[in-house]
Amino acid sequence: MTIIALKNDTLSVLASSKGAELQSVVRNGAERLWSGDPAVWGRRAPLLFPLIGRLRNGWYANDGKRVGAPMHGFCRDRAFAVEQVSDSHVRFETVSDEGTRAVYPFDFRLCVEFSLEDNAIVKSHIVENTGNAPMPFELGGHEAYATCLLPGERMTDYFVRFEGLDTIEMFGMDEAGILTLPKIAVPLEDGRLTKTPEQLGIDTIVLENVPGSTIALASSANRCEVTVEFPDFPYLGIWTKAGQDDARYLCLEPWSALPDAHFSPRELAEKPGVRVLAPGERATLAYRMTFR
């Protein structure tokens with residue numbers, strides 16, 4: 001595992017070749033990314049590819065054939081090759097192999113780039129179909145942003161802010177983490193979501209078509225906030241691990257596709273939001289995280 005340090009006049013960032021994952025984001029001396037404390041939740045910002053979420057009974061179909069695969073795919077624990085382009089830009093890359101083809105029978109190249117721009121991190125994903133058949137894929141982020149940044153703060157001081165909304169409509173979810181319908185209306189307080197997923201009786205808040213493709217995590221107790229802009233991602237997950245009265249982090253997760261649902265087909269290529277690349281085709285999906 002290689003840790004890469006990035007820096008500009010505003011941010012100091014660490015990124016790991018394991019999973020092409022952010023490890024640290026420091027602004028004004030404050031750590032803004034979750035620590036990965038294994039006693040609470042041992043990850044920080046895992047990469048979701050080529051699948052998002054759990055699969056019904058652990059499998060999907062490809063051309064009618066059953067394919068078993070793990071939750072969130074395999075990239076979050078995968079070793080990436082690394083190239084540091086500059087003090088503020090790093091590129092990670094991985095390609096398909098025999099192991100990936102056992103759970104995802106396609107040939108691909110995936111590059112993940114982090115670029116610092118003032119007080120923002122732009123995370124770009126370049127997905128390329130290097131095989132001879134159409135390639136469906138899902139891709140998502142899972143960044144866990146730190147809360148309780150100052151002594152004495154609690155999770156109840158924090159909220160998620162939406163622009164131009166007084167209600168959000170989240171998908172239902174069963175006990176296995178599979179999405180259901182109908183959607184559930186959740187009132188906001190002046191555009192603010194002040195409840196965690198657990199307080200809403202659900203594992204993950206899953207939304208589609210968020211206005212402006214923008215969301216912010218902010219606090220009533222300090223001036224720090226992070227804004228995530230995700231125009232290439234039609235879905236969003238909001239998550240923190242259940243059973244924690246004061247979790248100290250919240251995940252804001254742009255997703256290119258919808259996790260598995262009871263109303264979805266079994267065929268991967270036919271699931272809601274799944275993108276399909278022709279042989280030789282590539283797609284770039286990016287989002288921006290701005291720290292204030």
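## Lining of the largest cavity

In this predicted model, the lining of the largest cavity has 9 nonpolar residues, 2 charged residues and no polar ones. The residues are Arg32, Tyr145, Ala146, Leu149, Tyr158, Leu217, Ala218, Cys224, Glu225, Val226 and Phe291. Strands E12 (144-146), E18 (214-219) and E19 (225-229) each give two or more residues to this lining.

The cavity holds about 70 Å³ of space. The count of cavities of 30 Å³ or more comes to 1.

Glu225 lines the largest cavity. Glu225 also forms a salt bridge with Arg161, with the closest N and O atoms 2.9 Å apart. The pair links distant parts of the chain: Glu225 sits in strand E19 and Arg161 in strand E13 (residues 158-161), 64 residues apart.

Is Glu225 buried or exposed? Glu225 has a relative accessible area of 16%, so it counts as buried. Arg161 is at 23% and therefore counts as partly exposed.

E12 pairs with E21 (residues 249-255) over 3 bridges, in the antiparallel sense. Ala144 stands opposite Cys251 in E21.

Another open sheet of 4 strands runs E1-E2-E3-E4, also with antiparallel pairing. Its edge strands are E1 (3-7) and E4 (30-31). E1 and E2 (residues 11-16) run antiparallel and are joined by 5 bridges. The bridge partner of Lys7 is Ser12 in E2.

The model has 17 salt bridges by count. Asp37 pairs with Arg248, the closest N and O atoms being 3.8 Å apart. Asp37 lies in the loop between E4 and E5 (59-62), and Arg248 in the loop between E20 (235-239) and E21; they are 211 residues apart. Asp37, at 25% relative accessibility, counts as partly exposed. Arg248, at 34%, also counts as partly exposed.

Arg43 and Asp77 meet in a salt bridge at 3.1 Å, N to O. Arg43 is in the loop between E4 and E5, and Asp77 is in the loop between E6 (65-68) and E7 (81-86), so the pair ties together parts 34 residues apart in sequence. Arg43 is partly exposed at 22% relative accessibility, and Asp77 is partly exposed at 44%.

## A salt-bridge network

Which residues are linked in a network of salt bridges? They are Glu93, Arg109, Glu128 and Arg282.

Conventions
Residues are numbered from 1 along each chain as its sequence is written. This is a predicted model: local features need pLDDT of at least 70, side-chain atom pairs count only at pLDDT 80 or more; totals for chains, interfaces and linings use all residues. Side-chain values use heavy atoms; hydrogens and water are left out. On a 1 Å grid over the protein atoms alone, a cavity is a set of points where a 1.4 Å probe fits but cannot get out, and a pocket is an open set with protein on both sides within 12 Å along at least five of seven lines; lining residues have an atom within 4 Å of a point. Grid points are joined across faces, edges and corners, and a volume is the space filled by probe spheres set on the points. Ala, Val, Leu, Ile, Met, Phe, Trp, Tyr, Cys and Pro count as nonpolar, Asp, Glu, Lys and Arg as charged, and the others, Gly among them, as polar. Two strands pair if DSSP finds at least two bridges between them. A salt bridge is a side-chain nitrogen of Lys or Arg within 4 Å of a carboxyl oxygen of Asp or Glu. Buried means under 20% relative accessible area, exposed over 50%, partly exposed in between (1.4 Å probe, protein chains only).
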